Amino acid sequence: MKFEHKPVLLKEAVEGLNIREDGIYVDGTVGGAGHSIEIVNKLTTGKLIGIDQDINALNKAKDVLEDHLDKVILIHDNYVNIENILLNLGIEKVDGVLLDLGVSSHQLDERERGFSYQKDAPLDMRMDNTQKLSAWDVVNTYSERDLERIIWEYGEERWAKRIAQFIIDERRKKSIDTTLQLVEIIKNAIPKKVRMEGHHPAKKTFQAIRIEVNKELEVLKLAIPSINKMLNKGGRLCIITFHSLEDRIVKETFKELNKDCICPPEFPICICDKKRELKIITKKPIIPTEKEIAENPRARSAKLRIGERI
């Protein structure tokens, strides 16, 4: 399978890391190494730790970074485990971390991964194919209420209730095993007039199920404080999101880390002893230029937020 992926907000993200040639940096979602190769090109005696839960992505990253492997360590894991990963490598602090939370093009293009609503494949959607939970489990075993919640919250799909009902009705007859089976059910649940407008009718539901399968939002919430803890003073955290819920988590967590005190306002004195841990570099997210979106339409919903360890 040819692995092609055009990195989003490349210049902005790499500049945001404020790279030192002798520093240690982490690409927590190394993917096709599009960002990593730019980072490593700026290092002389520094190191890049590339993490990804997708073994295919790591194999591609190894090829892309083959001329720099003396400066690169690739790890098969989830970035949420960054503390243990770094400590196992004997690294106490790093100078910057990048997270690009988008699904890479190759994952969408690999039919058998089941991420695409345009190609028939088993319902899978696992970023890490060693994990147990797959899209098949979500679609065939979750309750109607949970399906509706997931499709509504993670997909922001206004037809979530009907789609959940149609999934339950269909699986009473037989299991739902493939992507195109699910697409057909979603199409039947959404009125024809609505289906003819805007995006593909299955886009939001597929996004919702993928987020649930890979616990993407939970991982992000847990990871940001852990990453910040592992940064040297002045170290940067750059996060590229593609979904409003992801961006909200980054924005709110940065705000929390930026606070000096989290006591209720009615308290006369501070008793929490919380100290400000992160300076927010981007008051508003950086978004792609019109030129980048024209060249790479998958960039259109991207937002980059940057914080700096205090």
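The following legends describe close-up views of a predicted model. Residues are numbered from 1 along each chain as its sequence is written, and side-chain values use heavy atoms, with hydrogens and water left out. Local features need pLDDT of at least 70 and side-chain atom pairs count only at pLDDT 80 or more, whereas totals for chains, interfaces and linings use all residues.

**View A. Strand β7 and its antiparallel partners.** Strand β7 spans residues 303–309; strands are DSSP runs of E of at least two residues, and helices are runs of H or I of at least four, numbered from the N terminus. Six of the seven residues of β7 are buried (under 20% relative accessible area, 1.4 Å probe, protein chains only). Strand β5 (residues 231–241) is joined to β7 by six bridges, with Thr241 opposite Lys303. Three bridges connect β6 (residues 278–280) to β7, where Ile280 faces Gly307. Pairing requires at least two DSSP bridges between two strands.

**View B. The interface of domain 1 and domain 2.** Domain 1 comprises 10–106 + 216–309 and domain 2 comprises 112–214, with bounds from an automatic or database domain assignment. About 1300 Å² is buried between them, 45% of it from carbon and sulfur atoms; this is the accessible area (1.4 Å probe) lost on putting the two parts together, summed over both. In domain 1, Gln53, Val103 and Glu216 lose the most area to domain 2, together 42% of what that side buries.

**View C. A salt bridge between Arg210 and Glu216.** The closest N and O atoms of this pair lie 2.9 Å apart. The rule (a side-chain nitrogen of Lys or Arg within 4 Å of a carboxyl oxygen of Asp or Glu) finds two salt bridges across the domain interface.

Definitions and conventions:
Buried means under 20% relative accessible area, exposed over 50%, partly exposed in between (1.4 Å probe, protein chains only).
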